[in-house]
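Here is a short briefing on one protein model. Look over the sequence and the structure, then read the points below.

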Amino acid sequence: MEITVTFPGNKKTSARVGEFEVITDQPVVAGGDGSAPAPFTLFLASVASCAGIYAVYFCEKRGVPVDSIKVVQRDERDPVTHKVTRITIEIVLPADFPEKYKKALLNTVDLCAVKKTMLDPPEFEVTTVTAG
């Protein structure tokens, strides 16, 4: 997969991902316009979204409606470095969610590809090239 990022102005980015465009911006306090989520915020949202889609797949496979299920994610940060030190994901289930599926749902959500990649991170290589 190739993602191309361009810079439309101020602190905004435009990431071309296939046929989609993902816009980010920095908060006003960081010199941006605050017009879109910051890149790191989207990164965190990808964790919650991934957990959610795994929950959806699990429920759909068993005929369990997903319209009242939601995922709530919170993070804790080091007060000095501001680095995320803990991510908590809560799957909010309706009262009538089958008890027999709760543990299996958690096991399935635990397979989230974003979380697994964070736990076993890829190698990064950053280079420069001259346009021409």
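A51 sits in helix α1. Helices (H or I, at least four residues) and strands (E, at least two) are DSSP runs, numbered from the N terminus. This is a predicted model: local features need pLDDT of at least 70, side-chain atom pairs count only at pLDDT 80 or more, and totals for chains, interfaces and linings use all residues. Residues are numbered from 1 along each chain as its sequence is written, and side-chain values use heavy atoms, with hydrogens and water left out.

**A51 and its surroundings**

- A51 counts as buried, at 1% relative accessibility. Buried means under 20% relative accessible area, exposed over 50%, partly exposed in between (1.4 Å probe, protein chains only).
- Leaving aside neighbours within four places in sequence, A51 is in contact with I89, V109 and C112. Contact means heavy atoms within 4.5 Å.
- P27 is 24 residues from A51 in sequence and 26 Å away in space, C-alpha to C-alpha.

**The nonpolar core**

- The largest nonpolar core has 11 residues, among them A51, F58, Y101, L105 and V109. Such a core is a set of buried Ala, Val, Leu, Ile, Met, Phe, Trp, Tyr and Cys residues joined through side-chain atoms within 4.5 Å.
- Two or more residues of this core come from each of α1 (39–61) and α2 (102–109).
- The element that gives the most is α1, with four residues.
- F58 is in contact with Y101, A104, L105 and T108, leaving aside its neighbours within four places in sequence.
- In soluble globular proteins, nonpolar side chains tend to be buried together.

**Cysteines**

- C50 is buried, with a relative accessible area of 11%.
- C112 is buried too, at 2%.
- A search of the whole structure finds zero disulfides. A disulfide is a pair of cysteine sulfur atoms within 2.5 Å.

**The sheet of three strands**

- This open sheet has the order β1-β2-β3, with antiparallel pairing. Two strands pair if DSSP finds at least two bridges between them.
- Its edge strands are β1 (3–9) and β3 (20–24), and each pairs on one side only.
- Strand β2 (residues 12–17) pairs with β1 over five bridges, in the antiparallel sense.
- T6 stands opposite S14 in β2.

- Strand β4 (residues 70–77) pairs with strand β5 (residues 84–92) in the antiparallel sense, over eight bridges.
- V72 has E90 in β5 as its bridge partner.
- Six residues lie between the strands of this hairpin, where H82 takes a positive phi near 65°.
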